[in-house]
Amino acid sequence: MKENKYDDDRFFSQYAQMSRSVEGLQGAGEWHILQKMLPDFTDKRVLDLGCGFGWHCIYAIEHGAKCVTGIDISGKMLEEAQKRNSSPLIEYKCMAIEDFDFQPDTYDIVISSLTFHYLESFINICRKVNSCLTAGGSFVFSVEHPIFTAYGNQDWYYDQDGKRAYWPVDRYF
């Protein structure tokens, strides 16, 4: 699957105008909850899956992380990460999450925000993350709410017999 919309100039231009892109973590709707779930970063090795502009990477460093690896499939996202959130303690890598080499016992904390809907197999990524975490390590992630990823057409879906099957966003409309 390995989807990369973000290197498309038009898509990236629109994304760069979103509040999360302009204001950083404070502009991200999920941040006020995700932040409460984060562990202590002091002297920890951190992996950020789908790091985007690097906001979580720099947050980890500012809160005592020893080092952070941020990976993202988008070169454009990582260019912005280097401009906005660079640190000698952060290494950015341009690659798909699925292609990352999850070495055993390498990270104390793995974080990921709003990226798993792009992946073919959540289970495979969880297994890889589990293998790369140290004993007692933390895996903290957020996922898109279905209202944001559901098909945009506000009408019933019909089965092959022409019967109403389901509403694409069910009770959220």
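## Rings and strands under their definitions

Colleague: Why is Tyr6 called buried?

Modeller: The relative accessibility of Tyr6 is 14%, and buried means under 20% relative accessible area, with exposed over 50% and partly exposed in between (1.4 Å probe, protein chains only), so Tyr6 counts as buried. This is a predicted model, in which local features need pLDDT of at least 70 and side-chain atom pairs count only at pLDDT 80 or more, while totals for chains, interfaces and linings use all residues. Residues are numbered from 1 along each chain as its sequence is written, and side-chain values use heavy atoms, with hydrogens and water left out.

Colleague: How many aromatic pairs does a search of the whole structure find, and what makes the pair of Tyr6 and Phe11 edge-to-face?

Modeller: The search finds 13 aromatic pairs. In the pair of Tyr6 and Phe11 the centres are 5.0 Å apart and the planes stand at 85°; rings of Phe, Tyr and Trp (its six-membered ring) pair if their centres lie within 6.5 Å, and planes under 30 degrees apart count as stacked, over 60 as edge-to-face and the rest as tilted, so this pair is edge-to-face. Phe11, with a relative accessible area of 31%, is partly exposed.

Colleague: What makes the pair of Phe116 and Phe122 edge-to-face?

Modeller: Here the centre-to-centre distance is 5.5 Å and the angle between the planes is 65°, and the pair is therefore edge-to-face. Phe116 is buried at 7% relative accessibility, whereas Phe122, at 38%, is partly exposed.

Colleague: Why is Lys76 said to lie over the face of Phe12?

Modeller: Lys76 is 5.8 Å from the ring centre of Phe12, and a charge sits over a ring if NZ of Lys or CZ of Arg is within 6 Å of the ring centre and within 35 degrees of the ring normal. Phe12 also belongs to one aromatic cluster with Tyr6, Phe11, Tyr15 and Phe53.

Colleague: How do you know that strand β4 is largely enclosed by the rest of the structure?

Modeller: Strands (E, at least two residues) and helices (H or I, at least four) are DSSP runs, numbered from the N terminus. Seven of the seven residues of β4 (residues 107–113) are buried, so this strand is largely enclosed.

Colleague: What pairs with β4 in the parallel sense over six bridges?

Modeller: Strand β5 (residues 133–142) does, and two strands pair if DSSP finds at least two bridges between them. In this pairing Ser112 stands opposite Phe141. Strand β1 (residues 45–49) is joined to β4 by four bridges, also parallel, with Asp48 opposite Ile111.
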